Amino acid sequence: MSGPVLAALVAQAAPLAACVVILFWLRQRPGLAAGLAILSLTVTLGAAGYLVAAVAVPNTTVLATANWLPVAEGPGLAFGVLLDPLSTTMALVVAAVTLAVMVYSLGYMAGDPGFARYYGFLALFAWAMLGLVLASNLLQTLVFWELVGLASFLLIGFWFERPAPAAAARKAFIMTRVGDVGFLLGVLLLIRAAGNATIPDLIAAAGPGGSFAPGFTELVAALLLMGVIGKSAQGPLFTWLPDAMEGPTPVSALLHSATMVAAGVFLVARMHGLFAAAPEVMRFLLWLSVITAIAAATMAMVANDIKRVLAYSSISQLAYMLMGLAAGSVAAGFFHLVTHAGFKALLFLSAGIFIHHAHSNDMREIAGHQPGSQRAGVIGLLAGSLALAGVIPFAGYFSKEAVLAAMGEHAGTAVLALAYATAGLTAYYSFRMVFLTLRGGSAHSPAHDAGAHASGHGQGETAMAAPVLVLAALTLVLGWLGHWFAVRLSPGAEEHGALAFGAGPLTALSLAAAGIALAWLEYGRSGAPRTGFVERMPALRDFFATNWYLDRLYGATVVRLANALSRAARWNDQTVLDGAGDGFGAATVGGGRLLARLQSGYVQMYVSVLVAIMAALAAWLMGGGRLP
Amino acid sequence: MVNLPAVLGVATALFGIGLYGLLQRRSLVAMLIALELMLAAISINVIALTTLTGQDPSLGQVVVLIFVGVAAAEVAIALSLFVAIHRAAHDIDVEHLSELKG
């Protein structure tokens, strides 16, 4: 077994072992559980780092498989690991973000009664995501895809004793499952057509000169895209993501940066060869993601819950990644995925510091609790917002620029204009968040709050601050890796220099600057109204604040239909099936009642019946004794 | 000479009277008396069918003597049961003694 394969197996085995050990034996030992989980992720991070060094060389692919399910007249389904620059880089991102979240959670979740369970679930999440990333077989991808869904269900509903997280977890699970139906169908069709589902084989079969008919490729790509839409919270299936904010904040950081939602984008990047052979689906994806991006950005403009703002920004940024992929550039889309993983984890973790401090998700509440006293949070929030807005030395600028450049070459003007508009809105809502959170104005009882927390959370705050500061530093570093990504992921494609100033970057930068300036006018400057231009239009504000009425639409259509269906099923169950059982029982009881009349208890009646029967018997015997 | 049909007719009449009494009377004692009548009818049948058909007469007589002994024992047991029932229920009317019904 070669070194990279062994490293890939170790990277997957470590979190799995940690998860099993924690959930079975360490439920009562929170400290040990956290230590074990962090140790396992450190091992994974080391293995992933080795993988990146060994495999992330242009045009390197390592495929190691073991036959898992033999198929008649075919090579069979082989599970294994597929290592190439894409999967190894993603594995490193997953391991790094999960480790940061685990360290951070030492402070954030301290004292929670489910502390050990929490770390067990985090390890499960890491294992599922690594399995998905390194899978060599599309069916294997699907298995881990569902495990990722399970882990996020468990973590979103971590505080399941409260109704809102439990409902949010169900919503996340069911809505992503809608898309997964398509994914499953697509995988089954591929296995039927190709005999196996090994990813390089599928891509070769779909590509030019492959065995798949163009129509078939389009169909399969559309089905796979359904799964992507559900998982990456795009198009009509995104409303679960804002609700998923009911989970613990570090979970949101994990969910939004490197795992769960990134899984969908990663799948498109992984299967890009197949998607590229389906131009109609790619055109649809381009439009869908552009519309999702701008829709989510408008929703973020009116949210008052800091985590909801970040959730909408995730949807919007995921749409950017998909735009890059749909425009044909794996490097651009994946580059944005990596930088976004960094700065979105940073934003959530710094938001978590404020939430931990103020015990509220509402930005106006946080502003009233001396947000300035949380140094690491302020640094993290500022760096993350600058990256999100796409301001020049920060990571978001470079990757967004790569996406926009890829679109500029391959997409139409209308799409490009919408994408630029979204960039401006992004800057506006991210700095609306910054100003609303940090420039509170009226501080009430500051001394009391600061004192109470300084004494209680001394060590916890260090654990929370360290990952935030590391990630904040990373936002300045990751952006310069664009060239590295371009060389490794899209070898041969023309590359866009990191600082290739032209009309495009200037437009994006000036739009970002305009957005920030508008946010400053409305929220930042002293004496600002602190209500945005959208919030002054009640109809528009309500429209944006309720997910463009999508939840209401689902409530009126899908949910109502499902409820009617379950009512019919209930009627069938209670009236028809239970009725048959109850009727049988009632008939038995009634028959017994009728027959019990015979047992009158009157001796003389028994005697007369006896005599009558004897007489009849005698008459019958005397008549010859034959049956009639 | 006593002819067989006449004796059997008497026995049948006696059995019918006994059956009527068994079904008609409500007192346990009266029912026991009627039952004794039916037993007597059967005894007559046995004697008549053994002696008047030219078989060994002593066999029938022995059997009937055993019947009488059994009947005496039965009466003793039945009457003591009736006393016990009367003590428990203060009644020996079978219409009122109908607790064992379904």
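## Stop 1

Two residues are in contact if their C-beta atoms, placed from the backbone, lie within 7 Å. Next, take residues 497-501 of chain A, where the pLDDT is also below 50 and the model has 5 contacts beyond near neighbours in sequence. Where pLDDT is low, the predicted coordinates should not be read in detail.

Residues are numbered from 1 along each chain as its sequence is written, while chains are lettered from A and ligands numbered from 1 in the order in which they are written.

## Stop 2: a helix pair

Select helix 15 (residues 330-358) and helix 18 (residues 395-410) of chain A. Helices are DSSP runs (H or I, at least four residues), numbered from the N terminus. The two axes come within 9 Å and cross at roughly 155°. Axes are lines fitted to C-alpha atoms over the stretch in contact, with angles from 0 to 180 degrees between N-to-C directions. Helix 15 and helix 18 of chain A are therefore roughly antiparallel (an angle over 145 degrees).

Show side chains at the contact. Helix 15 of chain A contributes residues including A:Phe335, A:His336 and A:Phe343; among those from helix 18 of chain A are A:Phe398, A:Lys400 and A:Val403. By class, the contact has 8 nonpolar, 6 polar and 1 charged residues. Ala, Val, Leu, Ile, Met, Phe, Trp, Tyr, Cys and Pro count as nonpolar, Asp, Glu, Lys and Arg as charged, and the others, Gly among them, as polar.

## Stop 3: two positive phi values

Go to A:Ala233, in the loop between helix 8 (214-231) and helix 9 (240-243) of chain A. Its phi is near 55°. Is A:Ala233 buried or exposed? A:Ala233 is buried (20 or more other C-beta atoms within 10 Å), with 31.

Jump to B:His90, in the segment after helix 3 (57-89) of chain B. Phi of B:His90 is near 55°. B:His90 is exposed (12 or fewer), with 8 other C-beta atoms within 10 Å.

## Stop 4: where the chains meet

Finally, show both chains: 10 residues of chain B are in contact with 10 residues of chain A. The chain B side divides into 5 nonpolar, 2 polar and 3 charged.

Technical notes
Predicted model: local features only at pLDDT ≥ 70, side-chain atom pairs only at ≥ 80, totals over all residues. Parallel < 35°, antiparallel > 145°, perpendicular 65-115°, else oblique. pLDDT = per-residue confidence, 0-100.
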